[in-house]
Amino acid sequence: MSPAAEPRSGLRDVAPYAYTQLDVAARLNTNECPHPLPEGFFDELARAVHDLPLHRYPDGRMTRLREELAACAGHDLEGTWAANGSNEILTELLLAYGGPGRSALTFEPTYLLHSRLSWLTHTSVVQYRLQEPFTIGEQDVERAIALEPAVIFVCSPNNPTGNAQPVQAVRSLAERRDALVIVDEAYIEFGGQSALPLVADHPNVVIVRTLSKAFALAGARIGYCLAAPEVVEDLQRVRLPYHMSALAQAAGIAAIRHAPQAMSILQAVREQRDRIVEALCAAPGVEVFGSDANFVLFRPSKPAGEVWRGLLDRGVLVRDVTGAVPNGLRVTAGAAHEVDLFLHALSEVLS
Ligand SMILES: Cc1ncc(COP(=O)(O)O)c(C=O)c1O
């Protein structure tokens, strides 16, 4: 028998992406929006789907979706690009600007996929560790730039720590014109200041966003970026043909058309987030980090693994982020009744 084919070197050392999707009363582990899509969304989508010529390939330029995204963000069409979730946008950016002999710098702790996608695209990873409270300062900028990365990731608000990064730090990073600065703004609708105004004067800044969080559309897989037209031209060189289905494009268009309603429910999410922060601040021995996002990072007064298990036993699923932040747990600001469940379960587990 001939030997089995060997995958690329190191692949089998990489664990498959872990999905913890459990049927529990409160799923507070993936930062999804707890509220359903706005009224009228499904009717509009159903009408659009009914008229779709699905026997044809979809619009490869995604013109209508990009027009809607561009208008919603206040950016130009030529500098707006879309893909199947912002993870695919990040992958395309790395395919275009990373690769063998190039490195990507991350400010840790941050979103795991930045390193993972860099590795997948044969881009070496330089992890720069930030001190608590995880804000990028001017000294960090200088040290990061000295490492000469081709790509720099800034996540703002940052996952899993929750804090937004100063736009000034992004500007200082962008002054180093030969590095592409990717600002991952997956949670920007919940708080923090966007770095989008920098794009006009800094064509090496790319803003990456998603409809998975604030727009409550995680299931449709739609992400986008706002950049200089040259960057979007480069992405067209690495994209797969017809990568976004006509169905996803229709869902994205309908979601953007309902943006005002979607944005109006965000205040409820922010209120739940602030309620979590307040309650955890009052819990003896619990360390809480401020949040500009739709989740909260905290350190319980007992081992995080034990607390995670205790919460799960009570029907509450949170994210164990101990790999990124020692003894850290991250909880999504869910609906009020889910937050009730979480706070009640936590007080039992910690008592
Ligand atoms: C910081 C950050 N960026 C990107 C993503 C990926 O989002 P998408 O669903 O658009 O691929 C996530 C998802 O959790 C995230 O936390």
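Helices (H or I, at least four residues) and strands (E, at least two) are DSSP runs, numbered from the N terminus. What you see is a predicted model, where local features need pLDDT of at least 70, side-chain atom pairs count only at pLDDT 80 or more, and totals for chains, interfaces and linings use all residues. Residues are numbered from 1 along each chain as its sequence is written.

Back to the crossing. The axes of α3, residues 86–97, and α4, residues 112–120, come within 10 Å and cross at roughly 45°. (Axes are lines fitted to C-alpha atoms, for helices over the stretch in contact, and angles run from 0 to 180 degrees between N-to-C directions.) That makes α3 oblique to α4 (under 35 degrees is roughly parallel, over 145 roughly antiparallel, 65 to 115 roughly perpendicular, the rest oblique). From α3, N87, L90, T91 and L94 make the contact, and from α4, L113, L117 and S118 (contact means C-beta atoms, placed from the backbone, within 7 Å). By class, this contact has four nonpolar, three polar and no charged residues (Ala, Val, Leu, Ile, Met, Phe, Trp, Tyr, Cys and Pro are nonpolar, Asp, Glu, Lys and Arg charged, the others, Gly among them, polar).

Helix α3 also meets helix α7, residues 229–238; their axes come within 9 Å and cross at roughly 90°. The two are therefore roughly perpendicular to each other. Here E92, L95 and A96 of α3 meet D234, L235, R237 and V238 of α7. That contact has four nonpolar, no polar and three charged residues.

Now the sheets. Seven strands form an open sheet with mixed pairing, in the order β2-β8-β7-β6-β5-β3-β4 (strands pair if DSSP finds at least two bridges between them). β2 (80–83) and β4 (124–129) are at the edges with a single partner strand each, so one side of each has no neighbour in the sheet. From one strand to the next, the twist averages 25°. Inside the sheet, β3 (residues 103–108) and β5 (residues 151–155) run parallel and are joined by three bridges, with T106 opposite F153 of β5. Helix α6, residues 167–174, lies across β5, β6 (180–184) and β7 (205–210), and runs at about 160° to β6.

The other open sheet has four strands in the order β9-β10-β13-β12, paired antiparallel. Its edges are β9 (287–288) and β12 (319–320), each with a single partner strand, so one side of each is left without a neighbour in the sheet. Helix α10, residues 266–282, packs on this sheet, touching β9, β10 and β13 (329–332), with its direction at about 15° to that of β10. Two bridges join β9 to the antiparallel β10, residues 295–299, and E287 stands opposite R299 in β10.

What surrounds the ligand? There are 13 residues around it, the closest being G85, S86, A186, T210 and S212 (near means a C-beta atom, placed from the backbone, within 6 Å). This shell has four nonpolar, eight polar and one charged residue.

Last, some backbone details. Most residues other than glycine have a negative phi, and most peptide bonds are trans. The bond from E108 to P109 is cis, with omega near 0°, and P109 lies in the loop between β3 and α4. N159 and P160 are also joined by a cis peptide bond, with omega about 15°; P160 lies in the loop between β5 and α6. N31, which is not a glycine, has a positive phi of about 55°.

Technical notes:
Contact = placed C-beta atoms within 7 Å.
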